[in-house]
Amino acid sequence: MDNIAQRLKAYIEAHPFDPGDSDCETVLDQLFQAYQESHESDPPEIRDGFKNLAELLKNLPVRDNDAVFNLYCGLCTAYEHKAFLDGLQYGAHVISELFTK
């Protein structure tokens, strides 16, 4: 296991992170961006949720409607990002536990 870790560390040092044209600052951010782009269409339960939200917001003035909708979408995106990163972290811990016991 130490040999693999040493080889991985050497590879990472020899090939530093290059975000290219992306605004991503880290590899994890770039992985999340790729994940988001590969899941462009929402499943039915999310589409239905947006329809329900639109129905609730239709009586608000446009400015208030936009404010609530943008807040809602921002919270969803933040939660999705956190869940994605947590999933990767938990996966790394699982692999670590499997190889150290």
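Good morning, everyone. One caution before we start: the model is predicted. Keep that in mind throughout.

Let's begin with helix 1. This helix covers residues 2-14, which makes 13 residues. From its first C-alpha to its last, helix 1 reaches 18 Å. That is close to the 18 Å expected at 1.5 Å a residue.

Now look along the chain from Ile4 to Ala54. These two are 50 residues apart in the sequence. Their C-alpha atoms are separated by 52 Å.

Next, salt bridges. How many does a search of the whole structure find? Three. Let's go through them.

Start in helix 1, with Lys9 and Glu13. Their side chains meet in a salt bridge, at 3.9 Å from N to O. Why can this pair be discussed in terms of a helical turn? Lys9 and Glu13 are four residues apart in helix 1, so about one helical turn separates them. Are these two buried or exposed? Lys9 is exposed, with 53% relative accessibility. Glu13 is exposed too, at 56%.

Now to helix 4, and Asp86 with Lys82. These two form a salt bridge, and their closest N and O atoms are 2.6 Å apart. Again, count along the helix. Asp86 and Lys82 are four residues apart in helix 4, so they are separated by about one helical turn.

The remaining pair is Lys58 and Glu55. Their side chains meet in a salt bridge at 2.7 Å, N to O. Lys58 has a relative accessibility of 52%, so this residue counts as exposed. Glu55 has 46%, so Glu55 counts as partly exposed.

On to the surface. Which residues form the nonpolar patch? Phe17, Val27, Leu28, Leu31 and Leu88. Together they have about 390 Å² of accessible area. Helix 2, residues 27-38, gives the most to this patch, with three residues. Val27 has its place in helix 2. Val27 is partly exposed, with a relative accessible area of 45%.

A quick stop at a loop. Glu25 lies in the loop between helix 1 and helix 2. Glu25 is exposed, and its relative accessible area is 69%. Follow the chain on to Gly87, which is 62 residues away from Glu25. The C-alpha atoms of these two are separated by 19 Å.

Last stop: the largest pocket. Its volume is about 360 Å³. Which residues line the largest pocket? Among them are Tyr35, His39, Ser41, Asp42, Pro43, Ile46 and Phe50. Tyr72, Cys73, Cys76, Thr77 and Glu80 also belong to the lining.

And where does the lining come from? Helix 3, residues 44-57, supplies at least two residues. Helix 4, residues 62-100, also supplies at least two. Which helix gives the largest share of the lining? Helix 4, with five residues.

Let me recap. The whole structure has three salt bridges. Helix 2 gives the most to the nonpolar patch. Helix 4 gives the largest share of the lining of the largest pocket. Thank you.

How values were computed:
Residues numbered from 1 in each chain as written. Predicted model: local features only at pLDDT ≥ 70, side-chain atom pairs only at ≥ 80, totals over all residues. Heavy atoms only, no water. Expected span 1.5 Å × (residues − 1). Patch = residues over 30% accessible without salt bridge, like charges linked within 9 Å, V, L, I, M, F, W, Y side chains within 5 Å. Areas by Shrake-Rupley, 256 points an atom, 1.4 Å probe, with all protein chains shown as cover. Salt bridge = Lys/Arg side-chain N within 4 Å of Asp/Glu carboxyl O. Buried < 20%, exposed > 50% of the residue type's maximum accessible area, 1.4 Å probe, protein only. 1 Å grid on protein atoms, 1.4 Å probe; cavity = no way out; pocket = protein on both sides within 12 Å on 5 of 7 lines; lining within 4 Å. Points joined across faces, edges and corners; volume = space filled by probe spheres on them.
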